[in-house]
Amino acid sequence: MSGYDSNPFVDPVDVNPFQDASITQATSGTTESINDLNPFSVAEMRDHSDTTIPVSAVSSQPAILQTSVEQSAQASAAAGHANLVKQQEELERRAAELDRKEQELQNRSSRAVDPNAKENNWPPLPSFFPVKPCFYQDFEQEIPEEYRRICKRMYYLWMFHSVTLFLNVFACLAYFTADSQYGVDFGLSILWFILFTPVAFICWYRPVYKAFRSDSSFSFFFFFFVFFFQVAVYIIQTVGIPKWGNSGWISSISMIGTNLPVAVVMMVVAGFFTVNAVLAVILLKMVHSKYRRTGASFSKAQQEFSQGVLTNRSFQTAATGAATSAAQGAFGRNQGN
């Protein structure tokens, strides 16, 4: 009946697998050894007090920073100078760039104020040249087709005029080398070349260009007045009066018996002066015939002159200043009375 004493409905006894005797002994010994371990105890310190850690030999010399490149004072100065030169070049380049941009802005602003304003293109100078072109010239755009040919011929006459004066300098130099008393001719020839080349361009070529461009009566009359004296000068130069600075026919013929090569050179220049005179007379007649077809008149020239003077800013400033001075003077006299 003992087999029937156990109650099958009672919970069985819990069995703890960790209550094994071998496991309990091992864990209890480990816990006690860990709890008893003290690395800072007197016994542990005594056991390791005689143990020393060897110190490696250290150099007594101070630490020195080794440089890979040692530059001398002269090399450093040269490098500094090169750096300054490079910076100076960079500054100059930037300044030139700023000047160029400023010039472009000025041109744009001028074109914005006056849409018809055009940039000057004559004389044709390189962009780096300090002097800029002074005039605008375009035969195809500004000169009507019926006047374009005669206007170009006047321009070619001015170019031939300049070349003749330049050759006259060499002819007078040869004249001076052949006879020292004609040194004044050489000096005057240089003066005529420097003076008459730009004066001819401004005083008779530009007026006829403006006259054909805008059908200006005043420009036509100004051209006729100045060009008449230019023809007279051509005739005098062709004659070649000695000591007047011109290698004309009289001066060149007088040198035939003295020095034939010099006489030949002077005759060539005298021929150039002759061609100038002949072409000037022919072109003067051609311009006059064109002028008569344009309907220009002296009354129109007077009217244009009056309008040009009245609208001129310098004249307006001068007139305003004169009127102000006169008014102040009159006011001062009235106060004095």
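Predicted model: local features only at pLDDT ≥ 70, side-chain atom pairs only at ≥ 80, totals over all residues.

Trainee: How are helix 5 and helix 9 oriented towards each other, roughly parallel or roughly antiparallel?

Mentor: The axes of helix 5 and helix 9, the latter spanning residues 260-294, come within 9 Å and cross at roughly 160°. Angles over 145 degrees count as roughly antiparallel, so helix 5 is, relative to helix 9, roughly antiparallel.

Trainee: And which residue classes make up the contact of helix 5 with helix 9, and how many residues has each?

Mentor: Helix 5 passes helix 9 in a crossing that is left-handed. Sorted by class, the contact of helix 5 with helix 9 has three charged residues, five polar residues and 23 nonpolar residues.

Trainee: What is the handedness of the crossing of helix 7 and helix 9?

Mentor: The axes of helix 7 and helix 9 come within 9 Å and cross at roughly 160°, and these two helices are therefore roughly antiparallel to each other. As for the handedness, the crossing of helix 7 and helix 9 is left-handed.

Trainee: Turning to charged side chains, how far apart are the closest N and O atoms of glutamate 90 and arginine 94?

Mentor: Glutamate 90 and arginine 94 are separated by about one helical turn, because they are four residues apart in helix 3, residues 73-113. Glutamate 90 is partly exposed, with a relative accessible area of 30%. Glutamate 90 forms a salt bridge with arginine 94, and the closest N and O atoms are 3.2 Å apart.

Trainee: Which residues are linked with Glu90 in a network of salt bridges?

Mentor: Side chains of opposite charge can pair when their charged atoms come close. A search of the whole structure finds five salt bridges. The residues linked with Glu90 in a network of salt bridges are Arg93 and Arg94.

Trainee: Is arginine 148, which meets glutamate 140 in a salt bridge, buried or exposed?

Mentor: The side chains of arginine 148 and glutamate 140 meet in a salt bridge at 3.1 Å, N to O, and glutamate 140 counts as partly exposed at 48% relative accessibility. For arginine 148 the relative accessibility is 18%. Because buried means under 20% relative accessible area, arginine 148 counts as buried.

Trainee: How many residues apart in sequence are the parts tied together by glutamate 140 and lysine 152?

Mentor: The side chains of glutamate 140 and lysine 152 meet in a salt bridge at 3.3 Å, N to O. Glutamate 140 lies in helix 4, residues 139-142, and lysine 152 in helix 5, residues 145-178, so the pair ties together parts whose separation in sequence is twelve residues.

Trainee: Which residue makes a polar contact with the side chain of serine 216?

Mentor: Serine 216 has its place in the loop between helix 6 (183-214) and helix 7 (217-239). With a relative accessible area of 11%, serine 216 is buried. The polar contact, at 3.2 Å, joins the side chain of serine 216 to the side chain of serine 219.

Trainee: What is the phi of aspartate 215?

Mentor: Aspartate 215 is found in the loop between helix 6 and helix 7, and at 39% relative accessibility aspartate 215 counts as partly exposed. Its phi is a positive value in a residue other than glycine, near 55°.

Trainee: Finally, what is omega for the cis peptide bond that joins tryptophan 122 and proline 123?

Mentor: Proline 123 has its place in the loop between helix 3 and helix 4. For the cis peptide bond joining tryptophan 122 and proline 123, omega is about -5°.

Methods
Residues numbered from 1 in each chain as written. Heavy atoms only, no water. Buried < 20%, exposed > 50% of the residue type's maximum accessible area, 1.4 Å probe, protein only. Polar contact = N/O pair within 3.5 Å; in protein donor to acceptor, adjacent residues only side chain to side chain. Salt bridge = Lys/Arg side-chain N within 4 Å of Asp/Glu carboxyl O. Axes fitted to C-alpha atoms, helices over the stretch in contact; angles between N-to-C directions. Parallel < 35°, antiparallel > 145°, perpendicular 65-115°, else oblique. Left-handed = near helix turned anticlockwise from the far one by under 90°. Nonpolar A, V, L, I, M, F, W, Y, C, P; charged D, E, K, R; others polar.
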